Amino acid sequence: MMRQYELVDRVRKYNPNADEDLLNRAYVYAMKAHGAQLRASGDPYFTHPLEVAAILTELHLDDATIVAAVLHDTIEDTDSTREDIDRLFGKEIGALVDGLTKLKKLDLVSKKAEQAENFRKLLLAIADDVRVLLVKLADRLHNMRTLNFVPVAKRERIAQETLDIYAPLAGRMGMQHMRDELENLSFRTLMPEPHAMIEARLGDLRSRNVKLIATIEQELVEALSKRGIDATVKGREKAPYSIFRKIEHKSIAVEQLSDIYGFRVIVDTVEDCYRSIGVIHTKWQTVPGRFKDYISTPKQNDYRSIHTTVVGPGRQRVELQIRTREMHEIAEYGIAAHSLYKDGFGAGSGAAMGESRSYDWLRRTVELLAEGDSPEEFLEHTKLELFHDQVFCFTPKGRLIALPRGATPIDFAYAIHTGLGNGAVGCKINGRIAPLLSELQNGDEVEVVSARGQSPPAAWESLVVTGKARAAIRRATREAVRMQYAGLGRQIIARAFEKVGKTFSEDMLKGALPRLARQSVDDVLAAVGRGEMFSGDVVRAVHPEIKVDRKPASPGAAGKAEGGWFGIKRAASLVFKVPGADEAGDSNAIPIRGFGGDLPVRFAPDGGAVPGDRIVGILTPGEGITIYPIQSPALTAFEDQTERWLDVRWDIDEENRDFFPARVVVGCLNEPGALGTIATVIGDLGANIEHVEFSTHSPDLRDIKIDLRVHDLAHLTGIISQLKSKSVVSRVERVYV
Ligand code: MN
């Protein structure tokens, strides 16, 4: 295990101003926190964070990053808390360790290959400090190096994930070295045989070409030095995994040296780069189409070099990369390398170095990584807006769902399945019950609870953010309204059949569709429900032999005739017998829930009706049902349109009591305070006054017409009797209009 002083030494080698005390405290703290924990290899767990820190010292990272690496597993795996880290090591390090803890939670989620791109975006979105990603990559690298201690099944999963997610991420950050090693470790685990085959072939070619490689290196150095260019030339074997991909991709055999070797020409200045390419192209023949100038046009991940391929010594194709030393560092170590140059570590200006300020530009680099639109880059799908405007959430099974920022669990549900959205009744976010309209955050695990036969409230349409959810809600709402009309139509038709002594079934309608000029049974039902078609027409279409009178059998005008099935009974007030309703009652009647119910219902414009009143529905084409109290004189207007009369009954939800309209006229003394008394009674009893009108009959008395909203008949009756008990009140009457 790395000793305390070794860690400090490693850091001091590149940063003489390193905070030794901080490093020492982190070392001791993490060692104590991990205590007796062991790794799969049997080593003390603490060796792992130390090795991760060691990898980062190779990248010459700042104190905060090294300390965060040492502490990176403490919050997740030990008793330590974010508060502890903040208090002991400061908020900057606290934030880094916290970021790593969040990323670690994502490790528990299964990631499918097709989600890898989204997952990388998620990583970038969660890690708002690029140093968090650097530690994460080092963490993964060490885990990959020690993977052979892990059970086989788990090993493959981790290797696949590394190949799908972390290696491309390293590449995107310009860290070619890290990428190569991650890829090769994954490759060896996932495909041991191809890996061994390529290794063997490489060994073979290597031993056969030792001399050739040395010759090429030497000839290049000499040719350049003749023109006064001081260059280092190094042949470099390509990584087994990239060779494998080449073989697989192009179905070619590894034959030529250029298939496995690349040469790097490293010079001092940019000018030398261009002079070198001149020398090389003069001396050797170029291979067409292989020249690329990434110095004048750097790659998105800041990679800069000139690439070319020439036919070199021994007629061998030679691939060349020409670059400065700085470009080389950046090519190998990516954004981690920038600190060497931009922050001037080596120049001894280290005092300001540990500051997160010096990483601001690194953060911008990450944004650039995401922003890039150069099509040849890895970044083609990763536009900035995708990234900052998106949240990434998981299903309980680990499927990753990308949504626009501001999305709700309702959007999430519709993104999975329209049925799930339509049926959504509740949700859990990260295991806790949460409102369906919560705003989702990156990394949330969302479980939607759904119920059959639900339809989404129309109001959701304006609350969701995805077009898919909005369209589905609109469709479902339209369908629900249609179903309401169809349900209403079915009841109306069934009653019309009953009236002529027939039983009704929807099947009967199928044969009659042409006669009714409708496409489907549902169309007929909805048309009747909407009042666009009369039930009598439906009866005639099914049973042409039956004569249905569209006129009432005994059209008694209200108050004039008695008896008949559409007659009048006199009780305390005028009562209509509703056509088709049986004496006993209500079983067949259409249930009315009030405004919020399932039917297109409204109440008579004046006076209205309240639960407890006997009521009648009048069907108005295109509008639905208007509810009148059975005493309402307005009903006389419909007495010869029996088709429009519906038997309805109250079906009130006692839990959620609505208000319903009613009108009373109060006769009272014409004196100050009378209205106040009346208003107080009404208010105290929990009713609302909607409208008040005065009419004066004499100097002493006046009538006040009051439109009220009350819960039900008992409520209204209570109000009326309270009003009557007041000395200023002479009479109270309910008015039906
Ligand atoms: Mn770890």
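**D139, a buried manganese ligand in a predicted model.** D139 has a relative accessible area of 8%. That is under the 20% cut-off, so D139 counts as buried. H72 has a relative accessibility of 2% and is buried as well.

**The manganese ion and its donors.** Four residues coordinate the metal: H48 and H72 through NE2, D73 and D139 through OD. The distances run from 2.2 to 2.4 Å. Along the sequence, the donor spacing reads H-x23-H-D-x65-D. H72 and D139 link distant parts of the chain, 67 residues apart. H72 sits in the loop between α4 (63–71) and α5 (74–77). D139 belongs to helix α9.

**Lining of the second largest pocket.** This pocket holds about 620 Å³ of space. Its lining comprises 24 residues. R39, K104, N143, K154 and I158 lie nearest the centre. Helices α9 (130–145) and α10 (152–172) each contribute at least two lining residues. By type, the lining has 11 charged, nine nonpolar and four polar residues.

**An open four-stranded antiparallel sheet.** The strand order is β20-β21-β19-β22. β20 (688–696) and β22 (729–734) are the edge strands. Each has a single partner, so one side of each lacks a neighbour in the sheet. From one strand to the next, the twist averages 20 degrees.

**Pairing of β19 with β22.** Strand β19 spans residues 660–669. Five bridges join β19 to β22 in the antiparallel sense. Which residue of β22 stands opposite V664? The residue is R734.

Definitions and conventions:
Residues numbered from 1 in each chain as written. Predicted model: local features only at pLDDT ≥ 70, side-chain atom pairs only at ≥ 80, totals over all residues. Heavy atoms only, no water. 1 Å grid on protein atoms, 1.4 Å probe; cavity = no way out; pocket = protein on both sides within 12 Å on 5 of 7 lines; lining within 4 Å. Points joined across faces, edges and corners; volume = space filled by probe spheres on them. Nonpolar A, V, L, I, M, F, W, Y, C, P; charged D, E, K, R; others polar. Donors = N, O, S within 2.8 Å, 3.2 Å for Na, K, Ca; no water. Buried < 20%, exposed > 50% of the residue type's maximum accessible area, 1.4 Å probe, protein only. Pairing = 2+ DSSP bridges. Axes fitted to C-alpha atoms, helices over the stretch in contact; angles between N-to-C directions.
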